[in-house]
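Please try each task before reading its solution.

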Amino acid sequence: MRRKEFGMQEEAEIQQFLREMNFGFLGTVGEDGWSRVTPLNFVYDGQCFYFHGSLAGEKMKHLANDLRVSFTVAKEYAIIPSYFSDPKLACPASAYYKSVMVRGRAEKVEDLAEKARAFTLFMEKLQPEGGYSPITPADPDYAGQLKSVSLCRIVPEAMSAKFKFGQNLKEPRFSGVVEGLENRGGELDLETIGHMMKYCPFHREK
């Protein structure tokens, strides 16, 4: 899967992936022309990406100079050794992963209600067990915190996704990789096989 325009099923899969992931990589460019990539927590509400930080700092200085940003979220599922499908050549060695790449502009959020909504999304993702009072600007214990923290949203102008799970493989290489993953039994190997069955056009489950 690698497209800039997605069908409903692809869009749902991308949104599910973004809900599962906690970290992304923000790309900015400073006044001196040097780029910077910052790993940070994020949430995605289906329309915009949100991230937060201090009011000062290098990434905020970059954004004050240029609001254009890139944002990438990626997860590696499995390293695929060459010998899974070829006993001699190194060429088949690969890695299977999901990634989403976004280009857009970062906008500073000032509205306290939007801030409260975004930070509620952060808490639901990072602390799903609860254990805190609802975040609302009407609560005086939250009002000052919401005013002092910096929150930005990225409004995507372009989004692309790549889910790489051996879509180019035909037999017998496909079965060799599946067998290698089954025998290895790593943490994500069985899940990787499931993605191979789902996304590989020659072996997609009916």
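This is a predicted model: local features need pLDDT of at least 70, side-chain atom pairs count only at pLDDT 80 or more; totals for chains, interfaces and linings use all residues.

Residues are numbered from 1 along each chain as its sequence is written, and side-chain values use heavy atoms, with hydrogens and water left out.

**Exercise 1. Surface and burial**

Solution. Turning to single residues, buried means under 20% relative accessible area, exposed means over 50%, and partly exposed lies in between (1.4 Å probe, protein chains only). By this rule, 42% of the 206 residues count as buried.

**Exercise 2. Secondary structure**

Work out how many helices and strands the chain has, and in which pattern they follow along the sequence.

Solution. Helices (H or I, at least four residues) and strands (E, at least two) are taken as DSSP runs, numbered from the N terminus. The chain has six helices and eight strands, and reading along the sequence gives β-α-β-β-β-β-α-β-β-α-α-β-α-α.

**Exercise 3. Charged pairs**

Find how many salt bridges the whole structure holds, and describe the partners of R68, R105 and R153.

Solution. Side chains of opposite charge can pair when their charged atoms come close. A salt bridge is counted when a side-chain nitrogen of Lys or Arg lies within 4 Å of a carboxyl oxygen of Asp or Glu, and a search of the whole structure finds eight of them.

First, R68 meets D66 at 2.8 Å, N to O, and R68 counts as exposed because its relative accessibility is 52%.

Next, R105 pairs with E157, their closest N and O atoms being 2.4 Å apart. This pair links distant parts of the chain, with E157 in strand 8 (residues 150-164) and R105 in strand 7 (residues 94-108), 52 residues apart. R105 has a relative accessible area of 38%, so it is partly exposed.

Finally, R153 and E114 meet at 2.7 Å, N to O. Because R153 lies in strand 8 and E114 in helix 3 (residues 112-126), the pair ties together parts that are 39 residues apart in sequence. E114 counts as buried, at 17% relative accessibility, and salt bridges that share partners join E107, E114 and R153 into one network.
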